[in-house]
Amino acid sequence: MLDIYIVQLQTAFCCFNSGGTADALLKAEDFAQNDPFVVLNGDAVIFNEHGTPAAKQLADAFEKTRSCIVGVQKVEKKDIFKYASVRFNEASYGQYCKIRELSDLVEKPKNEAEIYSLYVPLGRHVLTSDIFGYITELKPDVNGELVLTDAIRALLKDKRVCAYEFDGKRYDVGDKLGYAECFTDYALKNEIIGKDYLNYLVELTNKKQ
């Protein structure tokens, strides 16, 4: 059974100095206490209307494989350079299976040769406490940050790591347009304000024409 907890962290943003995604995760090592845990990136909102939440999909995949799970979706080639590109071990899981074993991944491909596939991790993982040992062995990247992708890449050299192609629409709320799209879609679905918000958008659009 995979138990999921919510931890509220209070940070003074004016004093915050990012050490990277892996550095942030390392601060939760004591909380993890050698149990598997879910990682949810704050800049990714995933909505699966009438379906299973993305984190639960990954948790179910973990129960089936007992391996670390990286949540992935396919993106357009023009966007691949913003993410990490993953390579699958097709011999183990087949080309069209939702759960596939990873053989490699690279953070923000720099050229065509580093584009392993158009499948990218999108801010949802189920990891085991093994990851912390690999994080402590990382060297900072060119930006001085410890990157979780690099830790996972090191982990899969010793242990099986699987990708799960989750269902749901992912919003990049770290991007201004992505944030606006997320807010608008959620507002329109809201039973209380949805109709009034739609009327507002129509009125605003008519004014802009």
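# Exercises on a predicted chain

Arg66 sits in the loop between helix H3 (54–65) and strand E3. Keep that loop in view for the opening exercise. Remember throughout that this is a predicted model.

**Exercise 1. The surroundings of strand E3**

Task: Determine which strands pair with E3, and in which sense. Then decide how enclosed E3 is.

Solution. 
- Step 1. Locate the strand. E3 covers residues 68–74.
- Step 2. Look at strand E7 (residues 161–165). E3 and E7 pair in the parallel sense, over five bridges. In this pairing, Cys68 stands opposite Val161 of E7.
- Step 3. Look at strand E6 (residues 119–127). E3 and E6 pair in the antiparallel sense, also over five bridges. Here Lys74 stands opposite Tyr119 of E6.
- Step 4. Count burial. Six of the seven residues of E3 are buried, so the strand is largely enclosed by the rest of the structure.

**Exercise 2. A charged residue under cover**

Task: Is Arg100 buried or exposed, and which backbone oxygen lies 3.2 Å from a polar atom of its side chain?

Solution. 
- Step 1. Arg100 is in strand E5 (residues 99–107).
- Step 2. Apply the cut-off. Buried means under 20% relative accessible area. Arg100 has 5%, so it is buried.
- Step 3. Find the partner. The backbone oxygen of Cys97 lies 3.2 Å from a polar atom of the Arg100 side chain.

**Exercise 3. Salt bridges**

Task: Describe the salt bridges of Lys98, Glu107 and Lys169.

Solution. 
- Step 1. Recall the idea. Side chains of opposite charge can pair when their charged atoms come close. The cut-off is 4 Å, from a side-chain nitrogen of Lys or Arg to a carboxyl oxygen of Asp or Glu. By this rule the count comes to 13 salt bridges.
- Step 2. Take Lys98. It pairs with Asp167, and the closest N and O atoms are 3.2 Å apart. This pair links distant parts of the chain, 69 residues apart. Lys98 is in the loop between helix H4 (90–93) and E5, while Asp167 is in the loop between E7 and strand E8 (169–172).
- Step 3. Check cover for this pair. Lys98 is partly exposed at 31%. Asp167 is partly exposed at 38%.
- Step 4. Take Glu107. It bridges to Lys108, with closest N and O atoms 3.0 Å apart. Glu107 is partly exposed at 24%, and Lys108 is partly exposed at 42%.
- Step 5. Take Lys169. Its side chain meets that of Asp185 in a salt bridge of 3.2 Å, N to O. Lys169 lies in strand E8 and Asp185 in helix H7 (residues 176–189), so the pair ties together parts 16 residues apart in sequence.
- Step 6. Salt bridges that share partners join Glu76, Lys78, Asp79 and Lys82.

**Exercise 4. Contacts across the sequence**

Task: Which residues does Phe47 touch, leaving aside its neighbours within four places in sequence?

Solution. 
- Step 1. At 24% relative accessible area, Phe47 is partly exposed.
- Step 2. List the partners. They are Gly168, Lys169, Tyr171, Tyr186 and Lys189.
- Step 3. Compare sequence and space. Phe47 and Lys169 are 122 residues apart along the chain, yet their C-alpha atoms are separated by 5.3 Å.
- Step 4. Widen the view to the chain. Among contacts between residues at least 6 apart in sequence, 74% join residues at least 24 apart.

**Exercise 5. A nonpolar patch**

Task: Which residues make the nonpolar surface patch of about 230 Å²?

Solution. 
- Step 1. Name them. Leu188, Leu198 and Val202 make the patch.
- Step 2. Leu198 is in helix H8 (residues 194–208).
- Step 3. Check its cover. Leu198 is partly exposed, at 43% relative accessibility.

Definitions and conventions. Residues are numbered from 1 along each chain as its sequence is written. This is a predicted model: local features need pLDDT of at least 70, side-chain atom pairs count only at pLDDT 80 or more; totals for chains, interfaces and linings use all residues. Side-chain values use heavy atoms; hydrogens and water are left out. Patches are made of residues with over 30% relative accessible area and no salt bridge: like charges are joined within 9 Å, nonpolar side chains (Val, Leu, Ile, Met, Phe, Trp, Tyr) within 5 Å. Accessible areas come from the Shrake-Rupley method with a 1.4 Å probe; for residues, only the protein chains shown count as cover. Helices (H or I, at least four residues) and strands (E, at least two) are DSSP runs, numbered from the N terminus. Buried means under 20% relative accessible area, exposed over 50%, partly exposed in between (1.4 Å probe, protein chains only). A polar contact is a pair of N or O atoms within 3.5 Å; within protein, one must be able to donate a hydrogen and the other to accept it, and residues adjacent in sequence count only if both atoms are side-chain atoms. Contact means heavy atoms within 4.5 Å. Two strands pair if DSSP finds at least two bridges between them.
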